[in-house]
Amino acid sequence: MALGTRTNFEYHAPETLAGALDLLSEYREDARPIAGGTDLIPKIKSGILEFSHLVSLKNIDELKRIYISEDGELHVGCCATLRETENFPGVRETWPALAAAIHSMANTQVKNRGTLSGNICNAVPSCENGPNLLVYDASVVIKSIRGERIVPVEAFFVGILKTCLEPDELLTEIIIPRPAEGSFSIYYKYALRKALDLAMVGVAANVLLEKGVVKDAKIALGAVAIVPKRASNAEKSLIGKELTDDVILEAARIASEEDCRPITDIRATAEYRREMVRIYVRNALRAAAGREGDCK
Amino acid sequence: MKRIITLNVNGVDYTFGAEPNATLADVLREELRFTGVKKGCDDGECGACSVLLDGCKVIPSCTTLAVEVEGHKILTIEGLKKGDQLHPLQQAFVDCFAVQCGFCTPGMIMCACALLAENDDPTEAEIRDYMRGNICRCTGYGKIIQAVQEAARNIRTAKEAVENG
Amino acid sequence: MADKYRVIGTNQLRYDAVEKVTGAAIYSGDVKPDRMCYGKFVSSPHAHAKILSIDVSEALAMPGVVDVLTGADVPEKRYGGYIRDRHILCKHVVRFVGDYVALVVATDEVIASNAVAKVKVEYEPLPAIFDVEESAGSNPPVIIHPDLFEYGGAGFQGVTEYGWEKDRPNQFTSYYQRKGDIDKGFAEADMIVENKYTLPFVSHCTMETHQCVVVPTPDGGLEIWGSEQKGGIARFEIGEDIDMPPEKIHMHTPYLGGGFGGKTGIPILDVACVAALKIKRPVRIVQTREENFIQGGLRGAAVMHIKDGYKKDGTLVSRYVEMLANSGPYAAHATILVMCAGFGGTGNYKCPNQLVVGRGIYTNLPLNAPYRALGSEYFVFAIERNMDEAARKLGIGRDEIRLKNVLHNGDRDGNDKVVFNNGSDYCLRKAIDGIHLEQHRKADGPWRYGKSVSLGNKFVGTEDEQGTGALCKVNSDGSVTIYNAHVELGQGAKTVDAMAAAEEMKLPYQMVHIVSGDSEICPHDMGTFCSRGTHANGNAIILACRDAKKKLYHLAEKRLKISPEEMDMEDAVIFEKANPDNKMAVSELFSFEGGVEEGGQIIGGATWIHPLAGNPTGIERDTYSYGSWGMEVGVNIETGEVKIMQLIGCYDGGTIVNPKAAEAQIEGAFSMGYGQALFEHVMVNDKGRMINCSFRDYKIPTFMDSPSTSIMDISFVPDNPCEFGPNGAKGIGEVSTVPVLPGIANAVSDAIGIELYDLPFTRETILNAINGVKKDFKV
């Protein structure tokens, strides 16, 4: 039985970011920051995490900010909720894969508390937002009392439930550049149910066509490797080619055979996941080629 | 160690001691005795514990620490009815036979309340999408959708009547 | 029906709806007496093991922990709903992952949970058996209850014979229904269709888990609030289990957050009672969701063997169906399931030669509990699937094969009983006419479309000899209060009861109050399950109301100066039939202080016993309800996804008391059957541990999955009152799911042109079938 010992801790609610970073620096592995808490609180209840200090970010207004900078970058503070992010003016139009990923995950209640940064900090292989942040070349701002560093999302995911964060560090902001003019991006979440389900397979794509020829293609897969990852072999097979259905089917095949390492678990077998990768990479590329209707 | 916190629940301030690891759902049910807040899974997956935060933000109270919302306003199902009149959503759930065992009902109604605050004329697809975090085992969801649409209609009609004097 | 009835057949608003939408409705876990403690279970991590030792010292030392009960604290004697094969807490052996080993009791729920991890139990693992076919044989490698044949029985519902067979040591019950000679029948058949079908373990997923609060009373008794479908009679079982006179147990059954059979004989009650008596303080036990999956009782998995023999023209001449019910390690109510499920096997079709066999088999997989349809769904699934295959092989329509063999009134069924009040034909034809089996939608990208018609049945369990009681108290304003033991699970118990009383008393529905769920004031009833609630309680209420009216008329004699035979009453006014102006209001019988002239109060009471209870002449048959669906589905041959295109459902519930409420039941039942057909199955690892025990991993339909009611056309057989039912009503709580499962299964098979045998038809199952990949289905 999963009953463990509910984690008990001292509760801190600093008023400033500096105050929060001080606490993380003082307590390190024995502390956890909490934003929305929708991943952390179930872990607290089941007792699978051991720590003695909870650092609440609820009073730090600067972390709740979402804005689009002058050069069109989307900045999402680590305490901005998922729904605030999805509904922020401009997000659906400019970053449709991000909006689709957020829309497909969890439910309204959880997304009124949970955050985009919390979702990627949890770093499960099926992380809903991993794939779109990868195809948008997003990066994360990481702060500690020692200073600040900006890390591309690719380097952020290190392993199952593992990120590159040091124990005294806080992910304060996610920066998502504006996609290239004329590019097309999409995200598919495939799961057994249309709600209350982790992605069995997640596919994000960001494709730039020039007169029907692929100038740039980024494809990222979730839930089919230990971290969300780019389907680099499939991408390479597309660059410089006209996006015909043959090219699309070949890229989909490569993605499913060479760019993922799915496992068998209670949701699906590895073979089935591989097949869904093939189908949904195909569907994403057909959508990019303007033929989304063929996919039904 | 318990922390003294104040929560405003259904318009009234309550000050009490809460463990930092206590959930809002447990504090509402056991400490403040708002037993209309139901726990169906206690893990953020079924929506039965849904309450409204600061107006119309529907949140999962079982996956929220009470200390994280200290000082904020919470609305539970017990606070929805004003005076003698049922809230239009409550009335619609009754009229449309959307209630069977009733265990999911408070959470359903609170979530629907939040939905109607954002969208006063939701389609069936919009209702299904917004309320997908609320599970029901008895009804198959059909009459719940009808109830939400009927409540939306009634609220719009009442609003128009007021606006037209 | 407006001309025949005042209230019956109208859509009265649910009696309990306002309470529930305001959060005022009380469920067992909402009750909180002073000084209450919380109980949390220590459970077995092994499927089969000896308990070598239990060290509770570290747990006891934790601040806030009041006690830790173990097997040493519970009676030596075994208990069980039918066969006594279980201890309240395991004493020496654990038999499934989740078996109760100890109960930690603490002043705070989190402290109790935390203390569970501190109880040290030493086990010696034993070999375990999971496969039902292996376990059903004569030489299973593991015998779960070596002393089975010495176990006593509870005698519940008069069942004292279990069909034990000495050469099947893990079979706790068997049941045979024979008609004619199946071998002769098979010899005469032109074609035989023989198959094996499997159904998995499924969970009820009631939104409220099992919950109870037990308070020790000053007289040495107990006061209980429990989510228990048996209601007040649970006192008798508990009293027997813990050696307490049932009269000292006061049982409350407030609202239940769903039941579906799964809360019949909930095991937490006995434990909480022992704990409360020991610590002399109230104890609350509330299952977590995970515990509800693991220990709440599952619908057992089943292996069905079916062999049908047909003539060329589609006439069914011989049928053999055998069910192996994988029931976990304790018989519980699978005992009665095995006996009753077979009725589902014989309930729909004519066949001169039938052998229906049910076997309840022990394994070390999770505990069983009754589940909506009590096994009829096993048989109907196998029969309906097999019938579709037979129709295809014979080259006749799947509608034709059903119409040809369906039972009609006056026919004799598989138990040689005479069929009555059978609306199957109407239901089938409604589905057939609506769905147009012969018209197929064209393929559309990866989507292929298929159709089906299906027929189901479920008997209404009211032919017990104990009867069902009701009281009708007349109030000073002319309203009535009905007291009965009908448990409100969400199905509309209070609503239909209030309607029955309103009809009989000719009162407005709003002038009927219902008091139920209190064993001190509510009369006897066996419990709310088996679709018997409306039927049994409605009849009792009608009789109780008539008794109240007799008393009213007697009191009115002096004032109206006529005999009771000349009186009638309506809207709380008693009047002379021949001269309505000679009348008086019921309220006039009451003095200012609410007393009544003779006797101080007017309370009618009665017990209804089914006229055919005890089967006096040998040919009587249970009352059955029926239902049929015509369905169209689409299957995506790339992903295995299934979508529902069209649904036409028609049910025979006799007189439908409240059409909207009944429609609500059917819609919900459809969702449950749909979940079972495509998504739901308990997954167990090779150590017998359930691994998908959350709403995330055990997949019941959500808002995004269930089909829109806009594609559902639900109707009921009109004008088909059952002579034994209250105003002709039967029961639809269970039959509502029965034809759904095979309907979807048959439509999916039709869409892909491949016969499918193993539920659920998940996407991988469908895709594997299309790709010709053979995958074994275990459990």
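In the predicted model, chain B is assigned two domains. Domain 1 spans residues 3-79, and domain 2 spans residues 88-163. Taken over C-alpha atoms, the centres of domain 1 and domain 2 of chain B are 22 Å apart.

The two domains of chain B touch each other: 15 residues of domain 1 are in contact with 13 residues of domain 2. On the domain 1 side of this contact, two elements of chain B give two or more residues, namely the strands β3 (50-53) and β4 (57-60). The largest share comes from β3(B), which supplies three residues. By class, the side of domain 1 of chain B that touches domain 2 holds nine nonpolar residues. Four polar and two charged residues make up the rest of that side.

Chain B also contacts chain C. Here 41 residues of chain B meet 42 residues of chain C. On the chain B side, four helices supply at least two residues each: α2 (88-95), α3 (105-118), α4 (124-130) and α5 (142-163). Of the elements, α2(B) gives the most to this side, with four residues. The class make-up of the side of chain B that touches chain C is 18 nonpolar, twelve polar and eleven charged residues.

Technical notes
Residues are numbered from 1 along each chain as its sequence is written. Chains are lettered from A and ligands numbered from 1 in the order in which they are written. This is a predicted model: local features need pLDDT of at least 70, side-chain atom pairs count only at pLDDT 80 or more; totals for chains, interfaces and linings use all residues. Domain bounds come from an automatic or database domain assignment. Two residues are in contact if their C-beta atoms, placed from the backbone, lie within 7 Å. Ala, Val, Leu, Ile, Met, Phe, Trp, Tyr, Cys and Pro count as nonpolar, Asp, Glu, Lys and Arg as charged, and the others, Gly among them, as polar.
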